[in-house]
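Q: I would like to learn how to read a few features of a protein model. Could we go through them one at a time?

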Amino acid sequence: MFERLMLKRRTFIKYAAVLLGGGAAFAYFRRFLDFLWPAEEVYVSKELREVSKETLELYRSEFLYTRGDSTGYSPHCVNCKGNCAWQTFEKGGQIVREEQVSDYPQISPEIPDANPRGCNKGALHSQSLYEKDRILYPMKRVGARGEGKWRRITWDDALSEIAEKIVELEGKKEFDRLMVYAGTGILSPVRRGASLRLGSLLGAVRFNVAGAVGDMFPGATIAYGISTVGCSSEAWYEADYLLVWGINPTVSRIPDAHYIWEGKYRGARVVSISPDYNPTARQSSQWIPINPGTDSFFAMSMINVIIKERLYDAEFIREQTDLPFLVKMSDGKLLRKSDMVKGGSDQVFYSFDEKSGRPAEVQGSMGSAEATLRFGNTRPALEGKFKIKNSEGKEVEVATAFEMLKKEAERFSPEEAQKYTGIHPSIIYNEARRFASAKKAIILLGYRIHKYFWGVLSCWEAALLLALTGHAGRKGGLDIDNEWGLGDFGAVSSPKPARFGSGSLGEWKDGEMWKSFISHYDDMELKKRAGIDKKGLLTLVDAAIKKEGFAYFNKPKAMLLFHDNKFERNNAQKQTEKALLNSLELYANVNYRWDSSALLADIVLPSITNYEGWELRGDPGYSRFANVMMPPKGLKIPGEAKSEWEICMLLSKKIQETAIKKGIIKVEDKQFNVIRDLDTIYHDFITIGDNKIMSEKELFEWLLSASSGSTGGADLSALSKKGFVKLDSPAGQTSPLYPDKPFYPFEPQVYLKQPYPTLSGRQQFYVDHELYLKLGCATATAREPVRPGKYPFAYYNPHTRYGIHTTWRTGKYHLRLQRGVPYICINPKAAKRKGIKDGDRVRVFNDVGEMHLMAKLHPGTPENAIWTEHAWENFQFKDRKGFNNVVAGILAPLELAGNYGHMSFNPFWDGNQLMSESSVDIEKVKV
Amino acid sequence: MRQIAMVIDLNKCLGCQTCTAACKTQWTNRNGREYMYWNNVETMPGKGYPKNWMDYNAGWGNDGQLKIGDLPQIPEGYGIPWEYNYENVAEEKDAILKPEKEPEWGANWDEDVGEGEYPNSYYFYLPRLCNHCTKPACLAACPMKAIRKREEDGIVLVDLQKCRGIRNCIRACPYKKVYFNPKRAKAEEGIPGQTEKCIFCYPRIEKGLPPACAKQCVGRARHVGFFDDKGSHVYKLVKGWKVALPLRPDFGTKPNVFYVPPLSPSKFNDKGEAVNEPRIPLEYLKKLFGSEVENVLKILQAEIEKKAKGDKSELMDILIAYKHSEMFKV
């Protein structure tokens, strides 16, 4: 059957060999022949190279079908730092497929282009639009909550009922009992704008989104004053040393991860810190298998080596950090002008001037006259203890904050840290030296770190490591949460003051999480490892609200949730669910699918999802391209789904009508010194400046023009060409965004010596807040995890590659590439000890609750931990007891300090729901 | 005849399954193909998809004879494309979202597991598709001569005008990348179904687009080109630098999909010190990619070191792939 054309060539060569003899002549001939007539292997006869036209046309027409009749563009506006341009294809009114646009321009020939952006989840969104869990019509529950008995109602009826309740609460001035809140299911300005605007006009409560989800970076805020800090992902390609800490980019930064591995091909050293051998660790140069929750010991041991071996950049530290500031030995407080001059500011600090031998006021702090980091004629000492005279003429012993740090760091040699982290000292010495000497070093630190009790210390110390070694400006930095600024959208989202509440304290109090906290943690363990016992922590929580400035309003009586899955996400799931539902008289959920939170609602309202509306997504600060959502011309929205803007517009109209009918028209909101005008709320909602915004598309157009500074004036026609626009310099919030270079933060500070937005005006590494002093954390230090020893396993939940939180988590195409059902990863030796085999049904439990899943034996997992990826829906588990049902409530004490310069309640300074500080046990389920 | 080929860089593959999703929506989310993954990504060492596909004793023997092996079964070999009871969940108290059958096996069941003991376990990802072989076992095995290899690009496909569902092709393919489609049955003609397989997205190629799996690969791990195009990455990696190796060359089918083998981070000794030994045993990599793999890994390391020093490396520049569009020359 095979025709061996090779045979002819071989025969030819054979005769040539005979003719020419075997020597040099033949060798030259062979080379000549290979050049002229390369050996082509063909094993398939001519007959079998023909394909029928019918077959060829079959697949060609299928392909054409997937190219659709009309096309659009869309990113996916979920809790993802990716932000990718997709082209969508419409056929018969439905989206049949999507494909990454993959047309971003290269910014520099030295740096790989960003193509393609978009992952497995985006590639399958089309398949979820018409799935059977799509909410198509407004629904009202007719049974008990969660019973699954629903009746379809009209939009008019649904909105009337919600409006009634809202007007009732507003009339009673119970603004604090009304919650209007958009969760991270929609993270983009047009879609969020609607509910933010409505809630704002009503004075309703909304939580700090990041705190509620446990995604705050207080450790970074302490150092920098803000936490939207990071580089564009192109910078990862340029780094010589990349420390990937508590983050798994191969899994959770899919569109950007290639920059890391391409950088490694360039010779970069990539070090991955993770308790388990995760996909990022397996691609790295060095994996550091850290004991869960001991990151601050790792950090301090690195700092120990850098200080001991003098690997630090003294000049950088001197100028850019508060480490030269003088600290009083008597009480550990910073020396302030109020100590040195009668009536002096308590926000002005001192260094010891080596030139004059005297303490000198430092400029740039919050109370300083000059906003500069320059020292003028002084030269602040970095090291040393000194005796100085205060305003009363008394002699005061002081030391630099750097001396305090040195003293603390001495305690954490790599040998000492090993007892906690399990990491061999040789690894620490090696990495500390490589890190310190790297030309460009970036620490990529993940959201996971602050889900531990001492996450604040670990993140703060990551910032400190970079500061000690001078890795700042274009030499690297901390990469945690960069955001671009598209423009000021305050006019949309905050027309009147809203009740902005702490996310962590809000969920804690609404869910009565102290109950699981009290039952799970042990007083003796807590006292030993944290310096406070349970009562002490609860006192701090109280004080946080009463004294420290954190806002908590009240448990909601009425709640209008937009794309927020709090009943799936919150700790002690079953307990907090009950506590919150008990307080709710009316709970309405706006969603596109039946998630765990929609199932528990009184009223469910169908919304659009990605591909179906208009949006400009440009905040996630890793990719410098803002992506547009514009639906294909032929697209039909399923059922009666509406855009968030239309929903809120219609609701505000109902509120206005209801209010006028009941005569509840102008209600005084004393707390915010404003009148809530219910009789004009519809008019106020649709009026932004001189514009009347009557649809989502019109809001999009308003936003587009408000973003023109950052988008180079891109209009709809420009965006329609490729679905994206390259952002301009003003989009950079902490530095300019250069068109041809990666973005690094804080260039004005590093190069122009402008102050950081901190109390000290510098990268702050000494905090003399009462609580920090009490807990011994005024300077960087290390503390043990507080998960209780009464259960043998640490429990944590890495991000999955199959969902962005719960979005797509239940998609069948995704579940088919996993095990179909939730599973828990356990080390094979640990499993054997428990008599558990791969695939067995197991029960994971502690005093807080239990859950049932399938066991997955995983040799990359340490023996002292079990984990499952996060964001399974509760209804994927037996009895709907989900993966958060075994997580106890707990808050981090270092996140409960406030009213301290920049550490004052605001979107950058709030606490986290801690999700990785519980212990569990596991057993095989007897079938 | 021209031959199109693909190189997959196992150092850049993220295991994200974007290629799998791209192929799924391009071809196999419909028409009886739902259980098929023309492109899949499996974790190695592992059983793969279909389960234990390497142990079916198929392909070309050392004696040049074609081996017709066993047929993988649905569901034991391929798993089931589980369907879910979404409508129950909203409408029934305490209803659990679950597949119609208790899961026992799936296309990616042992994801991220691999082999070895903590902290020295190892794994990597192996994306697989039809290799569009130069000496295809499937083509040789078909008694109806229904499998064809295109003149213009060497793409191998089942001619559905001729296939009678005999399935020798599935038995003969050592990579198990031909699938049976029972929905394509024609009872009146006695045909129980027909076989289908990856078609290298030829309708896309004909329009100048790379295959979906390659173009949509967000790890930027795939290069596509023709062997007679000396300027293509594929030519340079396979024939020039020779760092792209076939999978199981011992099967004898002369595949046209090649792999840049995976490096791995250092192991730990009993004390926890890092030792300069790669985790993935060389013997295992040799079994998969042939004995040249040892040399290839050395070449990769050497070229990385050149770049680290600031010197030029054509190989690293190709693998880094500064311009996505240059990875594909179709």
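A: Start with one residue: Phe489(A) is in the loop between strand S17 (476–479) and helix H20 (490–493) of chain A. Helices (H or I, at least four residues) and strands (E, at least two) are DSSP runs, numbered from the N terminus. This is a predicted model, in which local features need pLDDT of at least 70 and side-chain atom pairs count only at pLDDT 80 or more, while totals for chains, interfaces and linings use all residues. Residues are numbered from 1 along each chain as its sequence is written, chains are lettered from A and ligands numbered from 1 in the order in which they are written, and side-chain values use heavy atoms, with hydrogens and water left out.

Q: Is Phe489(A) buried or exposed?

A: Buried means under 20% relative accessible area, exposed over 50%, and partly exposed in between (1.4 Å probe, protein chains only). Phe489(A) has a relative accessible area of 14%, so it is buried.

Q: How is a pair of aromatic rings described?

A: The description uses the distance of the centres and the angle of the planes. Rings of Phe, Tyr and Trp (its six-membered ring) pair if their centres lie within 6.5 Å; planes under 30 degrees apart count as stacked, over 60 as edge-to-face and the rest as tilted. By this rule there are 50 aromatic pairs over all chains. In one of them, Tyr823(A) and Trp872(A), the ring centres are 5.6 Å apart and the planes are at 80 degrees, so the pair is edge-to-face.

Q: Which parts of chain A does the pair of Tyr823(A) and Trp872(A) tie together?

A: Tyr823(A) is in strand S30 (residues 823–826), and Trp872(A) is in the loop between strand S33 (865–867) and strand S34 (918–924), so the pair ties together parts 49 residues apart in sequence. Tyr823(A) is buried at 1% relative accessibility, and Trp872(A) is buried at 0%.

Q: Where does a charge sit over a ring?

A: The rule asks for NZ of Lys or CZ of Arg within 6 Å of the ring centre and within 35 degrees of the ring normal. Arg809(A) lies over the face of Trp872(A), 3.7 Å from the ring centre. Likewise, the charged end of Arg279(B) sits over the ring of Tyr277(A), at 4.4 Å from its centre. Tyr277(A) also belongs to an aromatic cluster with Trp287(A), Tyr118(B), Tyr123(B), Tyr125(B) and Phe268(B).

Q: How many residues of H11(A) are buried?

A: In H11(A), 12 of the 12 residues are buried, so the helix is largely enclosed by the rest of the structure. Among them are His258(A), Trp261(A) and Lys264(A). After H11(A) comes Gly267(A), with a positive phi near 110 degrees.

Q: What about backbone angles?

A: Most residues other than glycine have a negative phi, and most peptide bonds are trans. Lys242(B), which is not glycine, has a positive phi near 60 degrees; at 52% relative accessibility, Lys242(B) is exposed. Lys254(B) has a positive phi near 55 degrees and is partly exposed at 34%. The peptide bond from Met44(B) to Pro45(B) is cis, with omega near -5 degrees. The bond from Tyr49(B) to Pro50(B) is cis, with omega near -5 degrees.
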